[in-house]
Amino acid sequence: MPTGSAPVASQRHRFDLPPDVTYLNCAYMSPKPRDVVDAGIAAARRAARPWEYGVEDFFEPVERLRRLAAALFGTPDDPEAVAIVPAVSYGIGVAVENLPLEAGDEIVVLDEQFPSNVYPWREAARRVGARLRTVVRDDGRSWAEAILGAIGPQTAVVAVPQVHWTDGSVVDLAVVGEAARRVGAALVVDATQSLGAVPFPIDDAQPDFVVAAGYKWLFGPYGLGYLWVAPHHRDGRPLEQGWIAREGAADFSRLVDYTDRFEAGAGRYDVGERSNFVLVPMAIAALELVTGWGVVEVAATLADLTAVIAEEAAARGLEVPEPADRAPHIVGLRAPGGFPDDLGAELAARGVYVSIRGDAIRVSPHLYNDVEDVARFFAVLDAV
């Protein structure tokens with residue numbers, strides 16, 4: 001992570017968080033900033049007057065959103081790299097459709113990886129006689145070291161996250177991407193638990209496809225996400241055969257002059273009804289906020305806070321990943337004997353919100369949190 005970044009001042013005033021709520025669960029779902037909620041309300045009210053929509057409303061906001069997302073992926077001068085998708089599974093479906101698999105090929109995934117980047121590959125492997133190779137990290141190895149041990153001549157796809165969703169452990173995508181390229185394998189990344197919170201290493205990783213849901217670290221609405229597509233995959237097969245991604249679609253009077261030609265770039269992979277007149281304005285407001293904060297600055301600010309969490313956890317005998325092995329915005333805490341099954345509910349009953357994922361308490365703060373929230377979390381944890 002870049003160093004020397006100025007911390008971002010508390011942004012709690014931008015959120016509707018009651019004083020008795022300690023929300024350390026952005027990896028589950030971000031609270032929506034007031035600006036995003038206001039944009040959605042205004043957009044919903046406008047929908048009552050559809051005669052006021054013009055042709056430009058179908059296109060211009062989407063292109064604005066595409067530009068904002070492209071910058072977060074690390075390609076601000078290449079908005080054509082981004083497709084608008086409804087979910088990670090949709091984006092992974094695009095990757096499956098456009099990456100050839102044959103019998104005997106291997107698809108590398110991680111142990112306990114989020115299922116949206118597993119189920120589509122399982123089904124694709126079943127169809128052609130390929131197989132999933134699940135990487136288990138043990139013996140103190142990093143994820144990258146474990147993945148390198150699984151990549152070989154039969155590897156066709158490496159499908160991994162940038163940050164593991166259960167505990168915030170990181171995957172060195174630069175190392176993994178280089179190893180994948182050496183054997184001619186594609187790299188497909190689920191960046192849902194990282195995009196917007198840490199810089200994405202697009203140049204070092206050289207991925208084929210990267211997808212991220214928009215409702216976590218990007219503060220947008222549920223049901224809208226972003227798919228980044230490498231240049232050599234932008235003339236592939238979309239999952240849908242819609243009208244709006246075709247050349248000349250802005251001329252509504254000639255939509256029945258059917259064409260097989262798509263607009264340039266990854267837009268051919270956009271979901272149908274991509275112009276969603278309520279969700280898109282909310283997503284624009286959200287990405288403008290994230291961009292304004294600065295991803296490097298967000299990462300540096302959250303790293304300071306998670307360092308306090310890690311220190312307090314270690315003082316209580318909990319197991320915490322080493323700093324080099326964890327992301328700056330998520331900390332997975334484990335107990336030698338495990339945690340009670342009802343721990344999450346007990347914490348929530350006292351106004352403290354985290355997630356239990358696998359055998360870890362996943363603590364994921366953001367700019368609306370501070371050291372007082374951390375102190376309250378541990379006070380309640382001690383009590384229960």
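Glutamate 112 is partly exposed, with a relative accessible area of 48%; on this scale, buried means under 20% relative accessible area, exposed over 50%, and partly exposed in between, with a 1.4 Å probe and protein chains only. Its place is in the loop between strand S3 (106-110) and helix H4 (119-128), where helices (H or I, at least four residues) and strands (E, at least two) are DSSP runs, numbered from the N terminus. The model is a predicted one, in which local features need pLDDT of at least 70 and side-chain atom pairs count only at pLDDT 80 or more, while totals for chains, interfaces and linings use all residues. Residues are numbered from 1 along each chain as its sequence is written, and side-chain values use heavy atoms, with hydrogens and water left out.

The backbone at this position deserves a look as well. Most residues other than glycine have a negative phi. Glutamate 112, however, has a positive phi, near 60°. Glutamate 273 also has a positive value, near 55°. This second glutamate sits in the loop between S8 and helix H8 (279-293) and is exposed, its relative accessible area being 76%.

Turning to the sheets, seven strands form an open sheet with mixed pairing, in the order S2-S8-S7-S6-S5-S3-S4; two strands pair if DSSP finds at least two bridges between them. Strand S2 (82-85) and strand S4 (131-135) stand at the edges with a single partner strand each, so one side of each has no neighbour in the sheet. On average, and with direction ignored, neighbouring strands here are turned by 20° against each other; axes are lines fitted to C-alpha atoms, for helices over the stretch in contact, and angles run from 0 to 180 degrees between N-to-C directions. Within this sheet, strand S6 (residues 186-190) and strand S7 (residues 209-213) are joined in the parallel sense by three bridges, and aspartate 190 stands opposite valine 211 in S7. Helix H3 (residues 88-98) packs on the sheet and touches S2, S6, S7 and strand S8 (225-229), its direction making about 165° with that of S7; contact means heavy atoms within 4.5 Å.

A further open sheet has three strands in the order S9-S12-S11, with antiparallel pairing. Its edge strands are S9 (331-333) and S11 (355-357), each of which pairs on one side only. Neighbouring strands of this sheet are turned by 35° against each other on average, direction ignored. Strand S12 (residues 360-363) runs antiparallel to S11, and three bridges join the two; serine 355 has arginine 362 as its bridge partner in S12.

Which charged side chains meet? The whole structure holds 24 salt bridges, each being a side-chain nitrogen of Lys or Arg within 4 Å of a carboxyl oxygen of Asp or Glu. One of them pairs glutamate 106 with arginine 131, with the closest N and O atoms 2.6 Å apart. This pair links distant parts of the chain, as glutamate 106 lies in strand S3 and arginine 131 in strand S4, 25 residues apart. Glutamate 106 counts as buried at 9% relative accessibility, whereas arginine 131 is partly exposed at 44%.

Arginine 254 and aspartate 257 form another salt bridge, at 2.8 Å from N to O. Here arginine 254 is exposed, with a relative accessible area of 51%, and aspartate 257 is partly exposed, at 42%. In the salt bridge between arginine 274 and aspartate 270, the closest N and O atoms are 2.8 Å apart, and both residues are buried. Through shared partners, salt bridges join Glu63, Arg66, Glu263, Asp270 and Arg274 into one network.
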